[in-house]
Number of protein chains: 4
Amino acid sequence: MYSFKNDYTENAHPRLLQALIDTNMEQDEGYGLDRHSMAAAESIRSLLGVREEDADVHLLCGGTQANLIAISAFLRPHEAVIAANTAHICVHEAGAIEATGHKILTVPTADGKLRPDEIQKVLDIHEDEHMVKPRLVKISNSTEIGTVYKKRELENLSMFCRENKLLLYVDGARMGSAMTAEGSDLTLADMNRLTDAFYIGGTKNGALLGEALVISNDALKEDFRYHIKQKGGLLAKGRALGVQFEELFRDGLYFELAKHANAMAQLIATELKKRGCDFLTDSPSNQIFPILPDELIEKLQKNYAFYVWQKMDEKNSAIRLVTSWTTKEEMVREFLKEF
Amino acid sequence: MYSFKNDYTENAHPRLLQALIDTNMEQDEGYGLDRHSMAAAESIRSLLGVREEDADVHLLCGGTQANLIAISAFLRPHEAVIAANTAHICVHEAGAIEATGHKILTVPTADGKLRPDEIQKVLDIHEDEHMVKPRLVKISNSTEIGTVYKKRELENLSMFCRENKLLLYVDGARMGSAMTAEGSDLTLADMNRLTDAFYIGGTKNGALLGEALVISNDALKEDFRYHIKQKGGLLAKGRALGVQFEELFRDGLYFELAKHANAMAQLIATELKKRGCDFLTDSPSNQIFPILPDELIEKLQKNYAFYVWQKMDEKNSAIRLVTSWTTKEEMVREFLKEF
Amino acid sequence: MYSFKNDYTENAHPRLLQALIDTNMEQDEGYGLDRHSMAAAESIRSLLGVREEDADVHLLCGGTQANLIAISAFLRPHEAVIAANTAHICVHEAGAIEATGHKILTVPTADGKLRPDEIQKVLDIHEDEHMVKPRLVKISNSTEIGTVYKKRELENLSMFCRENKLLLYVDGARMGSAMTAEGSDLTLADMNRLTDAFYIGGTKNGALLGEALVISNDALKEDFRYHIKQKGGLLAKGRALGVQFEELFRDGLYFELAKHANAMAQLIATELKKRGCDFLTDSPSNQIFPILPDELIEKLQKNYAFYVWQKMDEKNSAIRLVTSWTTKEEMVREFLKEF
Amino acid sequence: MYSFKNDYTENAHPRLLQALIDTNMEQDEGYGLDRHSMAAAESIRSLLGVREEDADVHLLCGGTQANLIAISAFLRPHEAVIAANTAHICVHEAGAIEATGHKILTVPTADGKLRPDEIQKVLDIHEDEHMVKPRLVKISNSTEIGTVYKKRELENLSMFCRENKLLLYVDGARMGSAMTAEGSDLTLADMNRLTDAFYIGGTKNGALLGEALVISNDALKEDFRYHIKQKGGLLAKGRALGVQFEELFRDGLYFELAKHANAMAQLIATELKKRGCDFLTDSPSNQIFPILPDELIEKLQKNYAFYVWQKMDEKNSAIRLVTSWTTKEEMVREFLKEF
């Protein structure tokens with residue numbers, strides 16, 4: 001049985017584990033104030049092309065944690081989030097955002113991406129204090145269904161948000177895959193320039209655990225560490241995150257791993273397209289959603305693990321295949337023989 | 001500069017890192033449903049002498065997270081916690097418990113331990129719906145000031161709680177140190193038998209991160225994983241915790257590490273006592289609080305890092321010295337030369 | 001200018017004000033423990049045909065308050081509400097339910113009513129701890145768009161909820177109108193028998209303020225007054241609510257007022273139907289939604305206040321007309337002359 | 001049986017009920033946007049000597065509601081309240097503030113009043129993100145034990161708060177009594193000038209229900225009505241509050257009622273002092289706390305209702321006697337015959 005279920009089926013990239021070993025017996029400060037967390041933050045800022053005072057970097061344990069800490073820290077009690085109906089925070093975080101007191105206003109989307117005109121419709125019907133006040137737009141890049149924002153799209157969204165006094169926040173659990181997807185014209189520096197805050201996912205791209213939250217909007221920076229602590233996100237051995245992000249961004253390993261993951265998914269996609277296969281979404285990233293006959297799906301399930309995503313009609317369903325830095329080309333070739 | 005500041009100054013025990021490496025490329029389930037998390041849970045239950053249906057074990061990232069998830073899952077909105085005024089949740093968790101909606105009723109204590117008669121006083125003044133309803137007693141073992149509960153004390157507390165329909169929950173960030181302290185007559189099996197839930201701290205006893213929460217009260221078990229997820233505590237690579245706890249409890253490494261930490265602290269304590277030094281509390285664990293002349297403290301600070309805990313009088317203060325599995329006897333001997 | 005904007009445009013029924021005057025200087029207990037609150041509860045239980053131990057009655061200030069106190073008291077943190085997308089709690093309560101930590105799962109409906117098969121669809125996609133756990137079905141009767149549940153419909157819903165371990169809670173801000181609508185075959189006793197809790201709205205049917213929450217499910221009764229107090233809903237002079245509900249249910253005044261409100265709305269509806277007018281929903285209650293040419297709407301607005309509810313096409317919109325116990329037949333006749 | 005239990009034993013002042021009757025059938029806007037709520041706000045501003053843009057006035061239902069809405073609207077999640085240990089929010093609001101997520105840091109006081117040096121001590125021990133951040137000082141005037149702030153004291157507190165970036169908020173459930181107490185040199189205008197927000201209690205001084213919250217700090221005004229709505233405090237018939245406050249402040253009725261209440265309590269106090277009675281606190285307001293032999297207390301309880309506040313020694317206890325606008329001098333004279 002080989003798994004295409006997700007990008008956290010194996011554990012961490014060996015270089016990260018080695019870095020943990022190499023630094024293991026150093027005595028250092030706790031709670032993310034250690035030299036490695038500092039160095040990781042500095043590496044990230046350097047990638048963004050900004051100075052220390054321009055962007056705060058906080059290393060957190062996981063995506064749900066990053067989302068709930070950021071959103072609850074950024075909003076006042078009556079303010080709400082706007083997100084695509086496919087967004088992780090709407091569906092797969094067990095109500096984590098609502099548990100901090102905030103409503104999520106969902107926008108139906110076919111491709112998982114938010115656009116200004118759809119957000120405008122939400123604004124139009126929220127006019128007074130009997131309703132929540134929309135305040136933060138949350139997108140994912142890549143999205144939960146594999147699609148990726150173009151620079152033009154993010155610029156439009158960014159401009160719209162600023163004009164409407166909305167914060168723009170990006171869930172980047174798969175930011176590596178988004179940045180290195182074929183056709184992607186966005187850089188992390190663009191991401192930083194066009195948003196108020198975003199996070200760079202480590203867990204799904206080679207880390208044992210860890211997400212790097214970047215806050216560029218000055219108004220959102222104050223006292224942020226209090227919120228991390230209050231929500232249980234401040235690790236005593238915060239260096240465990242620092243060491244890993246330091247290594248991921250030492251020499252481009254982060255992007256290399258993501259590129260490989262994308263390449264493996266796209267290899268499958270290209271081959272399936274050649275065989276006439278349709279896809280649920282047009283994904284250039286490491287998550288693809290081929291539509292297959294249920295009969296074939298059943299056969300595949302004997303040797304491969306993956307999610308059946310959505311029933312399409314009587315006889316066909318979309319499945320989700322996810323690749324990662326660990327996916328071997330020979331396993332992909334083997335898998336393709338099934339078609 | 002050598003640090004006695006805390007027990008998370010270095011990172012993880014080498015055997016735990018090696019276990020992470022050895023299991024790294026296994027494909028496994030996410031979110032704590034992997035074989036190593038299962039095995040770790042089984043090891044812990046075996047130590048407690050119970051069957052699978054008797055105790056649920058959940059592996060969490062840190063102490064504040066464990067406390068806030070457990071307490072918010074166990075209580076209804078109007079129910080409150082009773083804790084010692086020295087308790088971590090009262091002081092050093094940035095209001096994490098209150099952020100989940102619950103008041104903490106604090107009891108002043110000299111030695112950090114709670115006793116039935118003091119809890120009774122709290123119950124006496126909470127009589128109707130104009131006040132919160134006391135419902136959960138939270139203790140720490142060892143306490144934040146190094147003291148340790150005796151079996152007799154925990155039995156009394158347990159009986160009192162059951163008679164008064166109070167839940168008993170133990171913060172065991174330093175459970176290893178408590179269990180192996182000289183004179184301690186409590187076992188983890190006792191801990192399980194006498195409480196409704198408690199956690200076994202990994203971070204402060206050799207793990208990179210990780211606390212194992214044990215729930216024995218059936219009424220508190222239902223749907224607990226929802227709460228972990230909702231509060232951002234469910235790691236995609238939950239195995240990172242599983243592998244470590246599996247190793248810690250494979251052959252007694254957990255207790256061995258704690259015993260060493262205790263021995264190093266007690267070596268300091270014994271030697272200082274010989275030199276006539278007084279202590280803030282009577283601690284048999286890995287945290288000791290000698291009272292020293294401020295002049296001496298200043299001198300010590302040149303070569304050693306530690307917290308100055310409390311001013312005692314014009315010329316003397318209590319300091320906190322913490323040892324761990326990493327503390328070398330030669331460093332302790334070196335330190336003792338300063339006196 | 002005459003207003004059909006809502007059913008709280010005028011203040012309280014004179015008999016209620018007189019009752020406040022008559023009882024004004026009595027010395028009595030505070031916080032709803034006075035003799036009038038007790039008597040009101042007893043009157044309501046007598047209408048429901050139950051004994052004191054069968055149903056708890058709590059008098060609260062307003063609808064949003066009743067909803068948020070009830071729902072947050074009934075649910076554990078990970079549990080969610082299912083409601084129609086038109087429901088007041090989804091739209092017009094400023095995120096009050098989410099502010100207590102709970103997600104609302106919305107079901108699109110044309111007529112504002114929930115049906116088992118639509119709820120089943122929500123249950124089908126909530127399968128594990130990565131999502132919230134649906135636990136409480138919230139309906140409104142009459143609904144926010146004027147429709148009314150039939151006994152058969154409520155029985156089906158009730159049976160479905162019990163089979164699926166879902167709580168059934170009814171927002172009865174306009175319960176009087178629902179109970180007395182033509183064709184309605186439901187009684188308050190049915191309401192009590194078929195649900196876990198519901199409230200009988202006073203504010204929109206003659207009271208200065210006040211909603212009577214009835215809890216019949218024993219598991220939901222415990223400590224409920226703590227929740228009222230904690231959410232700021234326990235009035236020192238709770239008698240102000242007690243006296244009013246006592247009067248409303250002394251001799252059927254409550255139903256008499258609702259019947260009049262319904263009659264006035266239906267008089268308008270009948271006359272407009274005669275003139276060929278279509279309606280957004282088929283409402284037998286005191287809220288009707290005629291679809292009118294925008295030109296006519298503009299003309300009407302010169303002398304009448306009402307909400308323009310929804311644009312239907314280029315030239316027509318649905319408006320909302322609400323009547324109450326205060327609506328005079330001559331004003332209705334006058335209004336009808338505009339058509 | 002005659003009650004000195006509290007100042008809400010009877011209902012509303014007849015002039016307020018009459019005003020409700022006189023305005024009853026007017027058609028007006030809902031949710032506090034009616035002409036009477038506007039007029040009441042204007043009256044209050046005029047008393048404060050400020051213009052509309054200087055102070056927002058919101059009419060709320062009760063004290064716990066006012067406190068929880070104001071505090072949760074004013075604070076970010078990690079910020080905490082500082083209050084006297086005797087404060088209503090610490091003891092008698094069922095954890096209402098914590099339920100909105102905020103910790104209350106309590107300061108022990110003998111007379112119920114807060115002073116800068118005691119607040120400084122709290123600030124001194126809250127130094128980083130492991131602890132909550134003290135942000136709002138909450139006092140009551142008069143206090144829960146009858147004492148009253150002097151202008152000098154409030155000025156000191158105000159200056160201290162401003163220097164330390166702390167908000168100053170006053171719970172004025174018994175503001176009338178405080179303002180009219182003998183020796184009081186504070187005016188409502190001072191109150192407004194020296195604080196960020198405060199409320200003027202109606203319920204305990206002649207209203208059926210109602211508290212007028214005044215916000216003078218511009219930074220706290222934005223979107224405040226959203227918070228009222230979200231917490232269930234926006235009455236559909238907000239005019240019920242508006243009409244009452246309009247009447248209370250039409251011609252000084254509010255102060256007249258409070259003055260009478262004070263006079264009655266002080267009449268008792270003066271007579272008891274003549275008879276050698278000691279008091280728990282030095283109260284010039286409508287709550288007094290004479291210390292009496294338990295034997296006498298038992299005898300008094302046969303004909304009078306009041307709270308036994310605190311055991312003083314083996315044979316004596318302090319009781320609480322509360323008077324109000326309804327207290328008749330002949331009843332007081334009658335009561336005094338018991339001594």
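Started with the C/D interface, where the count is 2 salt bridges between chain C and chain D. This is a predicted model, so I keep in mind that side-chain atom pairs count only at pLDDT 80 or more.

**Entry 1: chains C and D**

I looked up one of those bridges by name: Lys5(D) pairs with Glu29(C), and the closest N and O atoms are 3.0 Å apart. I then asked for polar contacts across the interface of chain C and chain D and got 26 residue pairs. Which elements of chain C supply at least two residues each to the side that touches chain D? My list reads β1 (2-3), α1 (14-22), α3 (63-74), α5 (96-99), α10 (224-230) and α11 (239-248). I noted that α1(C) gives the most, with 4 residues. By class, I have 23 nonpolar, 16 polar and 11 charged residues on that side of chain C.

Next I checked the extent of the contact. I find 50 residues of chain C in contact with 50 residues of chain D. The two chains bury about 4,100 Å² between them, with 56% of it on carbon and sulfur atoms. On the chain C side, I see Asn11(C), Gln27(C) and Lys237(C) losing the most area to chain D, together 18% of what that side buries.

**Entry 2: chains A and B**

The contact takes 49 residues from chain A and 49 from chain B. For the area buried between chain A and chain B I wrote down about 4,100 Å², of which carbon and sulfur atoms give 56%. Asn11(A), Gln27(A) and Lys237(A) supply 18% of the area that chain A buries against chain B, more than any other three residues.

How many salt bridges cross the interface of chain A and chain B? The rule finds 2. Polar contacts between chain A and chain B come to 26 residue pairs. I see β1 (2-3), α1 (14-22), α3 (63-74), α5 (96-99), α10 (224-230) and α11 (239-248) of chain A each giving two or more residues to the side that touches chain B. The largest share, 4 residues, comes from α1(A). My class tally for that side of chain A is 23 nonpolar, 16 polar and 10 charged residues.

**Entry 3: salt bridges within chains**

A search of the whole structure gave me 115 salt bridges over all chains. I picked a few.

- Lys138(B) meets Glu144(B) at 3.9 Å, N to O. Buried or exposed? Lys138(B) counts as buried because its relative accessibility is 1%, and Glu144(B), at 14%, counts as buried too.
- Arg333(B) meets Glu329(B) at 2.7 Å, N to O. I find both in helix α14 (residues 329-336) of chain B, 4 residues apart, about one turn of the helix. Arg333(B), at 39% relative accessibility, is partly exposed, and so is Glu329(B), at 36%.
- Arg250(D) meets Glu247(D) at 3.1 Å, N to O. Glu247(D) counts as buried, at 8% relative accessibility.

**Entry 4: α14 in chain C**

Which residues of helix α14 (residues 329-336) of chain C are buried? I get Val332(C), Phe335(C) and Leu336(C). Seen down the axis of α14(C), the buried residues fall within an arc of 100°, so they line one face of the helix. I checked what covers them and found α12 (253-274), α13 (294-300), β12 (304-305) and β14 (316-322) of chain C included.

Methods. Residues are numbered from 1 along each chain as its sequence is written. Chains are lettered from A and ligands numbered from 1 in the order in which they are written. This is a predicted model: local features need pLDDT of at least 70, side-chain atom pairs count only at pLDDT 80 or more; totals for chains, interfaces and linings use all residues. Side-chain values use heavy atoms; hydrogens and water are left out. Contact means heavy atoms within 4.5 Å. Buried area is the accessible area (1.4 Å probe) that two parts lose on being put together, summed over both. A salt bridge is a side-chain nitrogen of Lys or Arg within 4 Å of a carboxyl oxygen of Asp or Glu. A polar contact is a pair of N or O atoms within 3.5 Å; within protein, one must be able to donate a hydrogen and the other to accept it, and residues adjacent in sequence count only if both atoms are side-chain atoms. Ala, Val, Leu, Ile, Met, Phe, Trp, Tyr, Cys and Pro count as nonpolar, Asp, Glu, Lys and Arg as charged, and the others, Gly among them, as polar. Buried means under 20% relative accessible area, exposed over 50%, partly exposed in between (1.4 Å probe, protein chains only). The arc is that of the directions from the helix axis to the C-beta atoms.
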